[in-house]
Amino acid sequence: MDSKKKISISFRNEHQKDSKREVVRTQSEQAAAAEEKKDEQRPSTPVYQLPLKKKKKQFSSFKPLIATSLTALFVSLGLGFLLLRMFVSLTDDTSMGSQANDTMPVTSPGAQQTAEKSADSLPEGSLQTFNAYIVQAGAFSTETKALEWKSRLTAQSVSSVVWERNGQFYLYVGSGATKQEADLIASELAAESIETYVKPWVVNVEKQVPDKVYQHLDAHSLGDFSESDRQKILEEIGKKTPLAQALSEWEAQDDTNVNWLKVAKSLE
């Protein structure tokens with residue numbers, strides 16, 4: 001090797017590298033500082049903290065007791081109200097009854113008779129039976145047919161009565177206390193070309209029959225029943241009863257005892 005040649009070692013590159021590193025570091029720090037400054041300048045978003053819910057107190061142990069108490073209260077109130085209503089009702093009824101008894105008028109015999117007149121039927125009485133023989137001109141299943149034949153007899157000046165019993169409508173043209181009397185009536189009608197049939201007839205009456213009516217009905221002597229007697233009975237029983245209607249439709253000329261049929265029918 002040549003001794004004259006000098007060897008020099010330069011450290012410039014190392015210093016340049018360190019300077020470059022320091023510059024880069026300084027730039028990084030400045031950039032970070034700038035970013036922090038920007039962050040500080042940005043408006044901050046407010047954060048709200050939700051309020052914490054308070055825990056409800058537990059009354060589970062008291063619920064059955066409260067429910068029982070309320071039920072007992074409602075039941076006692078209901079019973080008390082019902083008892084009060086009953087007491088008030090009984091008090092009102094008692095007071096009204098006492099007032100009615102205090103103000104009830106005394107019924108005089110005349111007023112009682114007036115009340116009986118307004119009734120549509122006679123009072124109930126003991127069972128009474130009347131027997132007779134009747135003269136029958138026909139039996140029909142409908143009232144319309146019976147009334148049609150009754151009109152035909154009326155046109156021939158023959159009185160008759162339609163009597164319904166057990167769903168049948170009978171057309172009667174006479175009656176008698178005995179079969180001989182009834183047969184005599186049937187013979188007279190046969191002479192006028194009216195066919196008839198004689199049979200026994202029983203009438204059961206469960207009404208209070210006026211004495212005069214009962215006597216003449218039982219003896220088949222209604223022909224002897226005077227006009228004054230009929231008017232007197234009409235005043236006693238009123239004009240709305242079936243018996244009053246029978247007495248009002250009285251046959252003045254009654255050779256076949258149709259009046260007996262009318263009165264007996266009204267009482268059945």
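Me: Which residues of the largest nonpolar core touch the most other members?

Reply: A nonpolar core is a set of buried Ala, Val, Leu, Ile, Met, Phe, Trp, Tyr and Cys residues joined through side-chain atoms within 4.5 Å; buried means under 20% relative accessible area with a 1.4 Å probe, protein chains only. This is a predicted model, in which local features need pLDDT of at least 70 and side-chain atom pairs pLDDT 80 or more, whereas totals for chains, interfaces and linings use all residues. Residues are numbered from 1 along each chain, and side-chain values use heavy atoms, without hydrogens or water. Here the largest core has 29 residues, of which V203, L217, L247, W260 and V263 touch the most other members.

Me: Which element gives the most to this core?

Reply: Helices (H or I, at least four residues) and strands (E, at least two) are DSSP runs, numbered from the N terminus. With six residues, α9 gives the most.

Me: What does L247 touch, leaving out residues up to four places away in sequence?

Reply: Contact means heavy atoms within 4.5 Å. On that basis L247 touches F225, R230, I233, L234 and V263. A second, separate core has 15 residues, including L171, V173, A182 and L189.

Me: Which residues lie closest to the centre of the largest pocket?

Reply: On a 1 Å grid over the protein atoms alone, a pocket is an open set of points where a 1.4 Å probe fits, with protein on both sides within 12 Å along at least five of seven lines; lining residues have an atom within 4 Å of a point. Of the 17 lining residues, V161, V162, Q245, E249 and K265 are the closest to the centre. The largest share of the lining, four residues, comes from β2.

Conventions. Buried means under 20% relative accessible area, exposed over 50%, partly exposed in between (1.4 Å probe, protein chains only).
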